[in-house]
Amino acid sequence: MNLTSEQIDALQEIINIGVGQAAGVLNEMLSSHITLQIPFIKTFSPDLVKQELELKLGKGKFSAVELEFFGSISGNAELVFPTDSAAELVSIVTDEEMEISESELDELKVGALTEIGNIVISGVMGAISNLLSQDLEYFLPSYMEGNIDNLIDNQQLEKHSTLVLAQTRFFIEETKIQGDIILIFHLGSFHTILQALQELDGD
């Protein structure tokens, strides 16, 4: 689905507001100052998901936190990190040294990353809910690791779903860690978002 530049700008601004709120929560939790930025967003359809995500994220392994939402709009939201970025991020926020490894993060580290992901995703979805007047409910967040095929289950993607990729940059003191927010809107939900954006622009 092709969006106008005005729609892209409006959606990016809403997501930026959400990650800004999330950064505020993380700053209160942690001793390190954290800044989050969303430099770009892109939308695409399920038939291009693997090609687009591998182009943007690469073909390596990732750590991700997923939150399923439902209500006036429904879908899934994921915060995805390359494994080394995830390890570095958790090392900073837990104040412990971690060796970058392909093995699964231990229970403490999984818990920390899940909490961070939950805060960021909840901030973004909260901004969408509040600014676009959408009623949303959420399932508990879940943690997973794997490649693109593991993170995006094509069997769960509806034919007419719309995916939104928002690149996220975490600035923790002088460290730059990059993650990506993936929003999957089920059939009809993205049209609801576009209608709400149009109504917001008309106010």
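**Ser-133 and its loop**

Between which helix and which strand is the loop that holds Ser-133 found? Ser-133 sits between helix H4 (107-131) and strand E4 (136-138); helices (H or I, at least four residues) and strands (E, at least two) are DSSP runs, numbered from the N terminus. This is a predicted model, in which local features need pLDDT of at least 70, side-chain atom pairs count only at pLDDT 80 or more, and totals for chains, interfaces and linings use all residues. Residues are numbered from 1 along each chain as its sequence is written, and side-chain values use heavy atoms, with hydrogens and water left out.

Ser-133 is exposed, with a relative accessible area of 64%. Exposed means over 50% relative accessible area, buried means under 20%, and partly exposed is in between (1.4 Å probe, protein chains only). Most residues other than glycine have a negative phi. Ser-133 is not a glycine, yet its phi is positive, about 55°.

**Helix H2**

Helix H2 covers residues 49-57. Its buried residues are Val-49, Glu-52, Leu-53 and Leu-57. Seen down the axis of H2, these buried residues fall within an arc of 105°, so they line one face of the helix. The arc is that of the directions from the helix axis to the C-beta atoms. On the face turned away from the buried side, H2 carries the exposed residues Gln-51 and Leu-55.

The buried residues of H2 pack against E1, strand E2 (62-71), strand E3 (75-82), helix H5 (148-151), E6 and E7. Contact means heavy atoms within 4.5 Å. Just after H2 comes Gly-58, with a positive phi of about 95°.

**Strands E1, E6 and E7**

Strand E6 (residues 162-172) is mostly covered, as nine of its 11 residues are buried. E6 runs antiparallel to E1, and nine bridges join the two. E6 also pairs with strand E7 (residues 175-185) in the antiparallel sense, over 11 bridges. Two strands pair if DSSP finds at least two bridges between them.

Phe-171 in E6 stands opposite Thr-35, and Phe-171 also stands opposite Lys-176 in E7.

**Two more residues**

Asp-47 lies in the loop between strand E1 (34-44) and helix H2. Asp-47 is exposed, with a relative accessible area of 64%. Asp-47 and Ser-161 are 114 residues apart in sequence, and their C-alpha atoms are 9.7 Å apart in space.

Gln-12 belongs to helix H1 (residues 5-29). Gln-12 is buried, with a relative accessible area of 18%. Leaving out residues up to four places away in sequence, Gln-12 touches Ile-38, Pro-39, Phe-40 and Ile-41.
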